[in-house]
Amino acid sequence: MTFIKKLAPFYTLTFFYVITSLILRLVLLFHPITQSSFSFLDTLKIFSIGILSDILVFCLASGFLWLYLIFISNKKYQKPFGYTLFSLLIALFLYILSGKSILTEYGGALPTIGLVFVGIKTLLFGLFLFVPKKRASIRFWLFAFVMFLYVLLILQNAISEYFFWNEFGVKYNFIAVNYLVYTNEVIGNIMESYPVIPIFGTLFLVTGIISYFVIQKSKIYIEKIPSVSEKIKLSIVYLSMFGIALWSIPKLAKTENATNVFTNELQANGMYRFYLAFMNSELDYFKFYKTLPKDEAYALLEKQLPHIRGYSTTRSIDSDGTEIHKNVVLITIESYSANFMKMYGNDQNITPFLDSLAQQSLVFSNFYASGNRTVRGLEAVTLCLPPTAGESVVKRKDNKNKFTTGSVFKDKGYLVKYLYGGDAFFDNMEDFFTGNGYDIVDKKTFNPENITFANVWGVCDEDMVNKAISTMNMEAQKGKPFFNHWMTVSNHRPFTYPNGKIDIPGDAKSREGGVKYTDYAIKKFFEKAQKQPWFQNTVFVIVADHCASSAGKTELPVDKYRIPAMIYSPGFIKPQHYPQLMSQIDLMPTLFGLLHFDYESKFYGQDVFDSSYHPRALIATYQDLGLIKDNILTIISPKQQVKQFNLKLKPKEGVATEFQIYYDQKPLTTPRTDLINETIAYYQTASDILKRKKYQH
């Protein structure tokens with residue numbers, strides 16, 4: 001019986017979580033949005049399997065509680081062990097404080113978070129060590145804080161699930177995950193939409209009252225700290241339950257198979273649904289967005305993509321010239337906004353090389369990124385597909401054997417590689433590119449002597465330049481043309497790079513320095529490439545993956561999607577400006593047109609020099625899907641919402657018309673139904689084709 005009491009923190013919180021979830025299910029069952037009737041079996045299933053799921057999910061969620069409790073002890077403060085541990089904590093604190101830790105290397109708020117966490121841990125350990133008379137009191141208040149935090153999170157989750165249901169009529173999905181990505185916008189929306197102060201005031205009051213009773217029921221654990229043998233028994237019990245939960249929860253989720261959708265949603269555990277959404281990264285277009293009849297959607301798409309066949313984008317691309325099998329090097333530049341370059345009005349001289357290269361290239365001056373993350377840029381130039389709702393295809397499970405730019409090159413006899421200075425495991429790049437026939441050259445392929453500088457993201461761009469040149473030299477000797485896609489890394493927080501290369505120190509950690517160093521590294525690449533025998537037979541495509549920032553006053557601020565793009569090939573591509581509106585997904589199909597490739601295409605992207613091309617751009621976040629056309633931005637969003645904005649140019653003095661990027665986005669007074677339907681057609685058919693696996697190679 002004594003041992004059972006030592007489990008009190010676990011079963012008390014579990015009981016509270018189950019009761020809270022039960023009340024939440026009852027509230028949601030009778031919520032006005034739950035417009036459905038339930039049979040006795042449906043109701044039984046909702047509550048029986050739902051409660052079992054709640055118990056098992058909380059077994060996993062209490063892992064942090066187990067870690068906290070298992071290390072509560074008085075023996076670790078005894079001499080000399082206590083002093084040794086305290087010294088190590090001080091050393092760790094000073095290491096982070098020095099600014100030379102791995103946390104500082106990453107940048108952002110992580111060093112501060114790490115410093116605060118280790119600082120608090122060190123302070124508390126010191127108090128326990130040097131003020132033993134207050135040890136019991138301090139331990140009680142720490143225990144009380146942990147229990148208060150668990151109660152608060154349980155109640156906060158219940159409130160969040162309620163408001164999410166109130167908005168969407170479902171448990172957490174990828175929209176909830178998306179809310180974590182766009183924290184500032186979401187917090188602003190919550191502050192404007194709900195009485196936040198009364199809600200949170202009541203929440204903290206109720207949490208305090210409930211925590212009092214939970215602490216009273218659970219404090220026996222710290223009043224009579226378990227012995228080592230009791231902790232071992234406790235751990236065996238907990239870890240056994242943890243293992244059972246890991247095995248059982250996915251099995252129970254498979255029972256969410258009723259024909260009544262509300263039955264499945266009410267039965268589901270919100271926290272597990274959030275985990276699934278985070279891992280699966282998809283958002284069901286047909287459940288949350290406006291749709292058209294399937295025939296109508298594809299008929300509208302055919303007006304944009306002539307000669308597509310059936311419910312697909314498959315069509316024949318026939319050139320009027322002889323195919324040209326030049327080598328192709330595609331360089332996607334990390335976080336490279338158009339307004340970094342001189343031609344778009346920047347006067348900081350941070351892109352001197354690309355500014356000069358643009359004078360010798362085919363420049364697409366009215367060019368928009370598909371999204372605001374690297375994986376969206378990679379998706380756009382590889383799949384040439386609209387940015388569908390949820391996460392990029394690059395990070396989805398069904399991301400292999402797709403119709404890609406790489407597959408077009410491979411069918412033409414090219415060697416195909418993806419080059420990345422970091423570990424391609426990051427952002428699922430390795431899985432995506434290898435699954436689509438690319439060979440990978442990343443940091444793992446470097447010898448230590450070939451790395452002159454590296455940070456948390458990988459080797460500096462100059463080191464990747466050397467690797468790229470040696471890789472291309474080897475490929476050129478194989479008697480086949482090559483397609484190499486190089487993704488840069490240096491223009492990324494923490495913006496560190498080798499000192500002495502540019503006039504901004506590498507340890508300044510500035511965005512401008514990251515931009516200028518990347519420009520410098522690309523210059524070095526071209527200086528080396530020009531000395532190689534394969535240079536004259538190569539086409540270079542340079543494009544950003546996305547802008548440096550995506551925040552704005554509207555859901556899709558168009559200036560935050562404007563990126564530079566150019567094609568450089570002396571003697572083959574005539575230097576000129578293409579001023580028509582175009583999308584990132586059009587870049588590679590346009591290149592194929594310049595090379596006179598004949599192929600069966602599934603791309604949504606088009607050759608912008610083809611007479612059938614209608615200028616437009618597709619831009620999106622994870623949930624807001626947009627179309628720019630006729631100086632109007634149309635946005636479709638979950639809950640079947642549609643917004644339209646008139647784009648009125650805000651000219652910047654001294655910048656040519658085609659390089660102006662700033663617009664006032666004013667709500668459209670009279671809806672353009674044709675553009676709404678066209679927007680729906682693009683995104684609905686793309687979602688449909690992916691869902692039916694019709695975008696395979």
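Q: Is Lys412 buried or partly exposed, and at what relative accessibility?

A: Burial is read from relative accessible area, where buried means under 20%, exposed means over 50% and partly exposed lies in between (1.4 Å probe, protein chains only). At 18% relative accessibility, Lys412 counts as buried. The model is predicted, so local features need pLDDT of at least 70 and side-chain atom pairs count only at pLDDT 80 or more, while totals for chains, interfaces and linings use all residues. Residues are numbered from 1 along each chain as its sequence is written, and side-chain values use heavy atoms, with hydrogens and water left out.

Q: Which side chain does Lys412 meet in a salt bridge?

A: Side chains of opposite charge can pair when their charged atoms come close. The term salt bridge is used here for a side-chain nitrogen of Lys or Arg within 4 Å of a carboxyl oxygen of Asp or Glu. Lys412 meets the side chain of Glu323 in such a bridge, at 2.6 Å from N to O. Glu323 lies in the loop between strand S1 (315-317) and strand S2 (327-333), and Lys412 in the loop between helix H20 (405-411) and strand S5 (415-420), so the pair ties together parts that are 89 residues apart in sequence. Helices (H or I, at least four residues) and strands (E, at least two) are DSSP runs, numbered from the N terminus. Glu323 is partly exposed, with a relative accessible area of 25%.

Q: How many salt bridges does a search of the whole structure find?

A: The search finds 30 salt bridges. Among them is the pair of Glu462 and Lys501, at 3.5 Å from N to O. This pair links distant parts of the chain, with Glu462 in helix H22 (residues 461-476) and Lys501 in the loop between strand S9 (482-487) and helix H23 (511-529), 39 residues apart. Glu462 is buried at 12% relative accessible area, whereas Lys501 is partly exposed at 34%.

Q: Which residues form a nonpolar patch on the surface?

A: Patches are made of residues with over 30% relative accessible area and no salt bridge, like charges being joined within 9 Å and nonpolar side chains (Val, Leu, Ile, Met, Phe, Trp, Tyr) within 5 Å. Accessible areas come from the Shrake-Rupley method with a 1.4 Å probe, and for residues only the protein chains shown count as cover. Here Tyr83, Leu123, Leu127, Phe130 and Val131 form the nonpolar patch, with about 430 Å² of accessible area together. Helix H7 (residues 110-130) gives the most to this patch, with 3 residues. Phe130 lies in helix H7 and is partly exposed, with a relative accessible area of 45%.
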